[in-house]
Structure formats: C-alpha cells, structure tokens
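Please examine the sequence and the structure before reading on.

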Amino acid sequence: MEPDNKPRIFKFDNVKLLVIALVVIGSFAEEFTMRSDMFRSWFVFVYSFHAPLYIFLSGLFQKQFKNDHKPSLHKVTYYLILGYALKLMIFFTRRWNGEDVGLDMFGGATLEWYLFVIVMFTVTMYLVRGVHRYIVMGVSIVLGVAAGFFPLGDEFYLMRYFVFLPFYAAGYYLTPARVRRFSHRLNVKLAGAAFMFIYFVLCFRERETIYPLRMLFTGRNPYSIVPIEGCTFYHRLLCYGISAVLIISVIACIPNRKVPIITRMGRNTLGVYFWHYPLVLLLWHIGVFDKIVELGDPLWKITVLTAAVITALILSFGIFSLPLRKLEQLIKKLPLPACFTIDGVILAAAIIVNIVYPD
C-alpha cells in the first residue's frame, strides 16, 4: 500500500479495474477457444499481459523490506485462507458439474494459484532484501527462463512462481509515482498505443502463428509440450518482451483521473478475482452458456463478451469484497501466535487431505 501521506494515484485503480475485467474476459473466452477463432485471438491477446500486469501491480504496492519492516504474518494467513477457500469452491463446483477432477492441496491449474504465489513472492523479496536489485532482477529472469526446461508442472505452483517472479520483482523495486511519471510521457503513450494496436491486430490476422504462445503466457508449461517447433528459452524471452511492453502500454494509455464509480471499483479487484471463476463454472452447470451459443453467430460472441464485462463490473461493487475485507480485518486483530496456529492447522489439514484424498 502507498503511504497515507501521499496522494492516491487514480491511474492504478483504473488500471486494476481494466486488468480484472480482462481476467474475467479471459475466463469466459477460454471456454470457447475450441469453438471460435475470435475467442482464440482474444484469449492469446488477454493472456499476453493480464497476469503479468496484475502481478506487477501487486509488487508495485508491496512496501519494500527495509529496517525493521518484515513480511506480515497476518497477510500470509489471509492469503492462505483465501487460496484454500477458492480451491475448495472451484473443486466442489466442478464436481457438481460432473467433472472427474482430483483435489491437489499443494498445486493445481486453476485460479487460486495467484493467492499462493503472492505469498511466495512476498517471502522471497524479504529473503533477498540485502541483495542488489539488479542481481535479483537478473537472477529472477534466468530462473524464469530456465524453469521451462524442467517438468515442474503445477506442483507447489513452482512453474508460475519462477515464470512470473520477474514481474513481481520489477514492480517491487519501482514506485507508483515513478511509474506514473514515466507512463505520463507523450512519447511513451503514443508508442504504447501503437504497439498495443499492432499486437492486437496481429493476434487476429496472424492467429495461427501467435496462438501457440498461449502455453508460455499462462506460465505453467515446460517448453517440451508447447506446440512450437524447437520451443526453447528465446521463446520465453520473446514472451517476456511482449508482456513487458504491453504492461507499459496499458499503464500509459489509462488516464490518471478519478472516474466516478469506475475508479472506486478498481479497489475491489481481489473480490472479483475470488468470486468470478466459481460463477463461470456455475453458469456452465445451469446451461447459460449453451443457451447463449444458440443465439447464433455473431450475437452469441457479443453476448459472451458483454456478459464477461458486466460480471466484472457487478463483482467490483463493494458488497462482494465485504466478506474478504471483514476476514482481513479479523485476521489483523489476531496476535501473531494465533496466526502461526491457524497457518499450521491449515497446512496440516492440507497434508491430511492429500493423503486421504490423493489427486
């Protein structure tokens, strides 16, 4: 969080609302990539930068570890509870949908991964607090590139941890004010808008060339299974470059002004992230998406995109983030020994579940 004595930079609230809307659009679009070339293009465009940008912003608003500032055990407890709550919601919803899925308490491919890796990133930056930032950035990029050579899979979310660490570290070492000043330059805005437009067009015009990169943009696949001949480290570097430029472009193009209702909604993105995917699974279960497809082309595509945006906006209202905020406030009031106990109980329960109900 930014210090209280500094004015709030509205740009980042606006950016966060856009990013979470793209996250929801990505979740909706993923369900239709096998039916529609348009959604395949949308999917790869959105996945090119929405997770890296969201993680970059998380690092940007993480207070740097200096002097006596240490990782908040309350924050660790909060994210662990949210992570396992979301994991269980997704698991039971998918089972209700008739899917034969397992329950891996220490890994997985669904959206709870972000809540766990943020804890891992936070602890990592604390452990390397005495190391020069250029060394940390260099090593994080090397690790992200090297991870693709190993079949890490979804266990302990290690692949996503290594792949996305450079974006968190980049945000961590910068400041919101510095990013705002840089992105406010006219040449940055013009170059960013041009790049974003060109890349967006390429995602549609050169779909078959760019779409295979989706498996790298998701951050969870080794090079060996990516459907690109000879896929290796320079493909990861290419994806890093595309994501980095798109991050700068999006931030530069978003206005730094308070937009009634919209800007305030940008403060509630965690609630949107937490609730939207179980909702998507529920909509599939009750047949909403099947009914939408029956509308015919192109109306069903427009309806899906519209539904995704509306879902993001509705879930951005404070009432949906209220349970999460109440939980966070409750945890902050707990003494540290109580947090240790809760974390221990959560991890012990996770181990028992993995033993009794292996994935």
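At what angle do helix α4 and helix α18 pack, and how far apart are their axes? In this predicted model, helix α4 (residues 73-96) and helix α18 (residues 336-356) pack at an angle of about 30°, and their axes lie 9 Å apart. Two packed helices are described by these two kinds of value, the angle between their axes and the distance between the axes. Angles under 35 degrees count as roughly parallel, and α4 and α18 are therefore roughly parallel to each other. Their crossing is left-handed.

Which residues form this contact? On the α4 side they are L73, H74, V76, T77, L80, I81 and Y84. These residues meet L336, C339, F340, I342, D343, I346, L347 and A350 in α18. The residues of the contact divide into twelve nonpolar, two polar and one charged.

The second topic is the cysteines. How many disulfides does the model contain? The count comes to zero disulfides. A disulfide requires a pair of cysteine sulfur atoms within 2.5 Å.

| Cysteine | Closest cysteine sulfur | Relative accessible area |
|---|---|---|
| C231 | C239, 7.8 Å | 12% |
| C253 | C203, 16 Å | 34% |

The sulfur of C231 is too far from that of C239 for a bond, and C231 counts as buried. The sulfur of C253 is likewise too far from that of C203 for a bond, while C253 is partly exposed.

Notes:
Residues are numbered from 1 along each chain as its sequence is written. This is a predicted model: local features need pLDDT of at least 70, side-chain atom pairs count only at pLDDT 80 or more; totals for chains, interfaces and linings use all residues. Side-chain values use heavy atoms; hydrogens and water are left out. Axes are lines fitted to C-alpha atoms, for helices over the stretch in contact, and angles run from 0 to 180 degrees between N-to-C directions. Helices (H or I, at least four residues) and strands (E, at least two) are DSSP runs, numbered from the N terminus. Angles under 35 degrees count as roughly parallel, over 145 as roughly antiparallel, 65 to 115 as roughly perpendicular and the rest as oblique. A crossing is left-handed if the near helix is turned anticlockwise from the far one by less than a right angle, and right-handed if clockwise. Contact means heavy atoms within 4.5 Å. Ala, Val, Leu, Ile, Met, Phe, Trp, Tyr, Cys and Pro count as nonpolar, Asp, Glu, Lys and Arg as charged, and the others, Gly among them, as polar. Buried means under 20% relative accessible area, exposed over 50%, partly exposed in between (1.4 Å probe, protein chains only).
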